[in-house]
Amino acid sequence: MRQIDHPFAPLTIIGTGMAGLGLARAVRQRDPDRQITLISADSGDDYAKPLLSSAFTKRQTAQALVMRDAVEVADALQARVRTHTTVDAIDTVSRQLRIGVESLPYSQLVLATGAAPRQPCTAEASRHSRVFSINDLDDYRRWRGVLERHPGRQARVAIIGAGLVGCEFANDLQAGGHRVTLIAPETTPLPRLLPPPLGRALGEAFAAAGIRVRFERQVTAIHDTGEGVALTLNDGESLEADLVLMATGLRPRTALAEAAGLAVSPAGILTDRRLTTSDPNVFALGDVACVGGLEATSDRSGNAQHHGLNAMYVQPLQASAKALAATLTGTPTEVSYAAWPVIVKTPLLPVAVLPPRQAPQRWRIEGDGDDFTALAEDEAGRLLGFALTGRCVRRKVELARVAPPLLG
């Protein structure tokens, strides 16, 4: 009997984070027979990355966060999963991946390589066992192991960076009984999400709970003290800590794509609204993708300007995976993002934010104490986004209904 070929080409996905695995699941739901290969630089375990910043208080080990290991993932998806595998190069002409001395052909390729932590300062090599960035489950596993081995189980932890990750870890570690110092160059926490009055309320809630805050400061050096580390700040202050957590933002992992000749920008790999890159056989998804970035306009000098969106949050990722799965299984679909608020995991002061896509003309702020509503408005008074703290967080659904979509 003649074998009938499957109508769609085998699919290769680089990355097994929430984006890569979410796409594989969505494709499998639409097509039970498609050949899928997943390539992971780490263990390939299936877990929810957002839970890392609240796992310590819940006494969740790294293993407790694993929903499926790589073997179970492969079995559930009927896919080939290659773990601890680094792709060295992409040849878009011959459609091959270079992995060491091996050449692996692909038909359609999805880059779901995520983002890597930014490093604002360097630490001595001897301090690498005390200076951490937590960006995946393996990072958390190492961090948790060192933290639990600390004498007395109460560590002095310096967190560099007061963005989303820094604030969530500060809250989590403080609730777990550790002594936390939060250091950031900005005047208030969550500077990209909250207008200053709301940021000050969060900073005051942290300070009232015993978190030491050092705003408008920068770390210029990290040194070995024999029993811990010393952090030198730009105002001359020296702080001692047992462990340092770098939470200074993420940079999309675009090097592999750029070396292959794909269009990239600081915001990620440029794609159209169907997640297609500048090569029609290569797609990008998740934290590495700048969606809509291939749609360029010209400035006054005639230079191309790209205005894509990289939304490093769960709901946009899930919507992208669903849309791309449809495209890859024969139904070309453009992705759109609704007005999804970001819920910040800081129980010391609840926060919900819908960041405006453009700089607002003004923030209209109401409230006092810890309870604030801040509405981002344009020149005509139209709502562009919002930020809520304390009891005002309950308004998030009401406001999201009248806010513009993140990507319409």
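## Nonpolar cores

A nonpolar core is a set of buried Ala, Val, Leu, Ile, Met, Phe, Trp, Tyr and Cys residues joined through side-chain atoms within 4.5 Å. Buried means under 20% relative accessible area and exposed over 50%, with partly exposed in between (1.4 Å probe, protein chains only). The model is predicted: local features need pLDDT of at least 70, side-chain atom pairs count only at pLDDT 80 or more, and totals for chains, interfaces and linings use all residues. Residues are numbered from 1 along each chain as its sequence is written, and side-chain values use heavy atoms, with hydrogens and water left out.

The largest nonpolar core holds 54 residues, and Leu23, Leu111 and Tyr337 are among those with the most contacts inside it. Helix H8 (residues 314-328) gives the most to this core, seven residues. Apart from it lies another core, of 44 residues, including Phe56 and Phe169.

## Helix H1

Helices (H or I, at least four residues) and strands (E, at least two) are DSSP runs, numbered from the N terminus. The buried residues of H1 include Leu21, Leu23, Val27 and Arg28. Strand E1 (11-14), strand E2 (36-39) and H8 are among the elements that the buried residues of H1 pack against, where contact means heavy atoms within 4.5 Å.

## Arginine 394

Arginine 394 sits in the loop between strand E28 (383-389) and helix H9 (396-402). Its relative accessible area is 65%, so arginine 394 is exposed. The C-alpha atoms of arginine 394 and proline 350 are separated by 9.8 Å, the two residues being 44 residues apart along the chain.
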